[in-house]
Amino acid sequence: MSSGKISDKRIKRLLLSSNESEFIEGLALLDEKYRGLMTGRIRGWAVAKWLPAQDLADIWQEVVCAVASNVVTGKYDPAGNLSGYLGRIARNKCIDVLRDRMTRINEGYDCENLADTNSEISPEFIEAVEASLRTLGWSLQMVIRVDVSMFICSGGEWISLAELTNEVNYQYGLTLPETTVKPRRARGRSQFKEALLERGYGV
């Protein structure tokens with residue numbers, strides 16, 4: 001059946017059915033109708049631009065599972081718009097994935113721990129660095145946190161674009177090209193330096 005011929009009304013009726021086979025059919029039709037549409041929509045969101053294709057596919061599967069769970073637990077309201085409902089779940093899943101990755105990279109590049117390995121770095125400077133990093137948007141911070149941490153660890157030498165790209169891709173499990181990382185590095189460094197200067201430090 002063409003996905004365009006599958007009505008939301010039919011999907012909702014099947015999802016809310018007490019018959020297990022109809023419930024499963026409803027999930028299958030939901031997947032058939034919305035998988036391509038929603039993964040395409042997710043790919044276009046700014047919040048998902050850093051996610052590889054496999055993550056997008058995984059996110060959609062998590063959306064379907066969340067719908068099933070919400071129906072079973074009575075949290076699904078069939079009166080609402082189905083497309084909008086799926087979009088809200090998908091966006092939250094994207095944020096969850098990025099928050100998890102951000103936590104992992106922050107743990108690996110926690111500037112507050114760098115003072116323990118270099119007695120010449122003052123706690124006040126590290127605090128200013130962390131505060132300045134937090135002023136950046138998440139997409140820039142992901143790059144600049146790695147960039148600045150490596151800068152500090154190397155004793156004040158910025159790593160090359162190729163090295164930065166490799167490190168960001170390694171930490172996030174991505175395959176970003178240098179052409180994507182380069183403009184974010186430029187904008188991020190500029191904004192970071194301005195924020196740091198406002199706190200009385202320069203790099």
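Asp31 touches Trp60, Gln61 and Val64, leaving aside residues up to four places away in sequence, where a contact means heavy atoms within 4.5 Å. The model is a predicted one, in which local features need pLDDT of at least 70 and side-chain atom pairs count only at pLDDT 80 or more, while totals for chains, interfaces and linings use all residues. Residues are numbered from 1 along each chain as its sequence is written, and side-chain values use heavy atoms, with hydrogens and water left out.

Asp31 is found in helix 2 (residues 20-44); helices (H or I, at least four residues) and strands (E, at least two) are DSSP runs numbered from the N terminus. With a relative accessibility of 16%, Asp31 counts as buried, the classes being buried under 20% relative accessible area, exposed over 50% and partly exposed in between (1.4 Å probe, protein chains only). Its side chain makes a polar contact with the side chain of Arg35 at 2.6 Å. A polar contact is a pair of N or O atoms within 3.5 Å; within protein, one must be able to donate a hydrogen and the other to accept it, and residues adjacent in sequence count only if both atoms are side-chain atoms.

Cys94 is placed in helix 4 (residues 82-108) and is buried, at 0% relative accessibility.

In helix 1 (residues 8-15), the buried residues are Ile11, Lys12, Leu14 and Leu15. Seen down the axis of helix 1, these residues fall within an arc of 165 degrees, so they line one face of the helix; the arc is that of the directions from the helix axis to the C-beta atoms. The face turned away from the buried side carries the exposed residues Lys9 and Arg13.

The structure holds 2 aromatic pairs. Tyr76 and Tyr85 form a tilted pair, at 5.0 Å centre to centre and 55 degrees between the planes. Rings of Phe, Tyr and Trp (its six-membered ring) pair if their centres lie within 6.5 Å; planes under 30 degrees apart count as stacked, over 60 as edge-to-face and the rest as tilted. Tyr76 is buried, at 8% relative accessible area, and Tyr85 is buried at 12% relative accessibility.

Overall, the chain has 8 helices and 0 strands. Buried residues make up 43% of its 203 residues.
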